[in-house]
Each structure stands twice: as structure tokens, then as C-alpha cells.
Amino acid sequence: MAWMLMFAALLASSAAAEATDPLPREEQVLSVPGFADFLAVDGDSVWATNRGRVERWSRSGKLAEVVLAHPCGAMTITAGSLWVADCKDATLNRIDLKTAKLLAAIPTGIANPKGELNVVAGAGSIWVASDAGGKLARVDPASNRVVASIAVDPGTFFLTFGFGSVWAVSSDAQTVQQVDPATNQVVRRTGLGKQPGFLAAGEGAVWVQEQGDGTLARIDPASGAVSGRVKVGADLLYGDIDTGNGAVWLRTTADQTFVKIDPQSLAILGRLGTASGSGALRFAGNGLWTSAHDVHTLSWWSLGPAPAAKTR
């Protein structure tokens with residue numbers, strides 16, 4: 001009898017875990033002309049970079065657009081504003097979320113004019129890679145001014161903020177650097193695999209795409225050490241990454257649209273959607289947004305309950 005009770009408890013635990021941690025089971029596809037790419041979640045809507053503009057979309061259609069010369073890279077939202085880099089003007093641009101009006105164009109410099117980079121928020125500041133020779137610009141949103149320039153490894157383009165630090169990846173040096181906002185200095189470097197790129201902080205770790213190796217590296221934020229890796233594909237070129245709902249979400253280019261990974265076991269929990277070329281991904285609480293600029297679409301993936309088990 002005891003083993004039967006234990007087995008029933010295990011089944012109940014498994015069912016509960018699946019109910020609270022479901023895979024996306026529904027895709028709504030929106031046609032988005034142009035080149036919709038990087039994303040930032042704004043409540044029930046999402047902002048996307050496009051050719052010559054940034055656009056705000058909901059599941060019902062386009063809500064707003066703001067003209068910019070060449071919006072590029074991953075964006076961030078804080079202080080009531082969308083913050084987006086402009087690769088042509090070499091500026092960090094601040095857009096009011098309510099009015100969709102440009103509030104400021106801050107001359108920061110942009111480290112990677114090709115557009116593969118991140119703007120991130122943390123420690124009361126906005127951060128962007130500003131010089132390919134190895135500089136980060138720290139911007140105060142109260143004054144819309146650069147208040148510090150931080151020396152980093154050459155070729156540092158990719159940033160995230162989490163666990164009280166800025167984490168900065170140099171593809172050239174194959175490093176992830178931990179920047180202390182209290183001192184504006186790199187306090188730790190960790191070696192990475194081939195062509196590291198986009199990264200995210202959450203679910204207990206910092207996660208870095210090792211794009212050339214097709215692997216995802218897990219970094220312990222306390223020690224800075226690589227605490228695990230998972231092989232996802234032949235490569236992970238030009239994808240994206242986010243965390244949320246007890247998972248790591250990885251936008252891919254080959255084999256599928258995106259992958260769900262367990263942050264503890266590093267098991268691949270699901271490969272979802274068809275391969276749709278390059279694009280971005282952002283977790284949004286009750287679902288995910290993905291872009292696919294090669295086929296001119298934006299997709300909403302709902303997190304729904306698991307289907308009921310079949311009975312004989």
C-alpha cells in the first residue's frame with residue numbers, strides 16, 4: 001500500500017509541475033512588413049526594431065511607431081521609457097512609452113554598427129556598449145547624460161544586468177566580464193567557448209550563447225565559473241535568449257523557432273516551432289514573443305495548460 005501511495009504522490013507532483021510549467025501550445029502569427037527584429041515587452045504589447053523605425057505591437061495589430069535612422073540591437077524598458085540604440089547616428093534614444101515620442105537622443109557611441117548588441121537597465125542606469133575598442137557607456141536617466149565610461153575587453157557588444165552586476169560578453173576575447181556598478185570596473189572575467197554572444201540573467205544564473213559551438217553556458221553569479229553547458233545545435237548564430245517561468249528560452253535559427261531548457265538539469269524540455277531564420281525572443285509572463293525578420297512575422301506563443309491525458 002505504501003508504494004502505491006508514493007507512486008500516486010509522484011504522479012500528482014509531476015502533473016502539478018506540468019500544469020505550472022507548460023510548453024507554449026498556440027502560436028498567433030502577425031504579418032509585419034519590413035525587418036522586425038529585436039523586442040522589448042511593454043505590458044500586453046511588445047516593441048520591435050524595424051527598418052527606420054521602432055514599432056509597438058499588440059496581438060490585435062500595430063499600435064504606434066517612432067521614426068529613427070537605424071534602430072538596432074536589443075532594447076530595454078525602464079523609467080517610463082523605451083531605450084534603443086541607433087547604429088547610424090551612434091546614439092542611445094529615449095522614447096516615452098505613453099506618447100510614443102522621442103524624448104532624447106544621447107550621443108554615446110555604438111560599439112557594433114552592425115547592430116548585434118544590447119541596451120540594458122540596472123543600478124539606476126542605462127548601459128550600452130559604446131566603443132569597439134572596449135568601452136561601456138553608463139547613462140543617468142535623470143539627466144539623459146553619460147556619467148561613466150567603463151573599460152572592458154575589445155569587441156564587447158553583448159550585455160545583461162542581474163545579481164547586482166552588469167555582465168558583458170566579448171566575442172573577440174571569448175570572455176564574460178562582471179562589472180561592479182559601485183566602482184564602474186570589471187571585477188571578474190570568465191573564459192567562454194567559440195563566438196559567445198547574447199546572454200541573459202535569471203533563474204539562478206547568467207546564461208551565455210556560445211554561438212560558434214552551438215552550446216549554452218551557465219555561469220554561477222557568485223563565483224563567475226561555468227557551472228554547466230548544454231549542446232543545442234550545430235551553432236547558435238544570430239539567435240536570442242531570455243529567462244522566465246522556471247526556464248531558459250533560446251531563439252534559434254536552425255531546426256526550430258526556439259528551445260526551452262531546464263535551468264537545473266540543463267535538459268532540453270521542448271523544441272518549438274519550425275525553423276524561420278534569424279530573429280529575437282522575449283518572455284512575457286503568460287507567453288512569449290518571437291520575431292522572424294526573414295519571413296516578416298511577429299509571433300505570440302501562449303502558455304496554456306497541458307492537454308488532458310488520454311484514457312482507454
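**Figure 1. Secondary structure of the predicted model.** The protein contains 28 strands and 1 helix. The coordinates are those of a predicted model. Of the contacts with a separation of 6 or more, 42% are between residues 24 or more positions apart.

**Figure 2. Overall dimensions of the protein.** The C-alpha trace spans about 70 × 45 × 35 Å along its principal axes. The radius of gyration is 20 Å, which agrees with the value near 20 Å that a compact globule of 312 residues would have.

**Figure 3. Surface and charge.** Buried residues make up 55% of the 312 in the protein. There are 28 negative and 26 positive side chains. The centres of these two sets lie 1 Å apart.

**Figure 4. Thr175 in its strand.** Thr175 belongs to strand 16, which covers residues 175-180. Its relative accessible area is 10%, and the cut-off for a buried residue is under 20%, so Thr175 counts as buried.

**Figure 5. Side-chain contact between Thr175 and Asp153.** The side chains of Thr175 and Asp153 are joined by a polar contact of 2.8 Å. Asp153 is also listed among the residues that Thr175 touches.

**Figure 6. Surroundings of Thr175.** Leaving out residues up to four places away in sequence, Thr175 touches Asp153, Ala168, Val169, Ser170, Thr190, Leu192 and Pro196. Thr175 itself is buried and lies in strand 16.

How values were computed:
Residues are numbered from 1 along each chain as its sequence is written. This is a predicted model: local features need pLDDT of at least 70, side-chain atom pairs count only at pLDDT 80 or more; totals for chains, interfaces and linings use all residues. Side-chain values use heavy atoms; hydrogens and water are left out. Helices (H or I, at least four residues) and strands (E, at least two) are DSSP runs, numbered from the N terminus. The radius of gyration is taken over C-alpha atoms; the globule rule is 2.2 Å times the number of residues to the power 0.38. Buried means under 20% relative accessible area, exposed over 50%, partly exposed in between (1.4 Å probe, protein chains only). Contact means heavy atoms within 4.5 Å. Lys and Arg count as positive and Asp and Glu as negative; His and the chain ends are not counted. The place of a charge is taken as NZ of Lys, CZ of Arg, CG of Asp or CD of Glu. A polar contact is a pair of N or O atoms within 3.5 Å; within protein, one must be able to donate a hydrogen and the other to accept it, and residues adjacent in sequence count only if both atoms are side-chain atoms.
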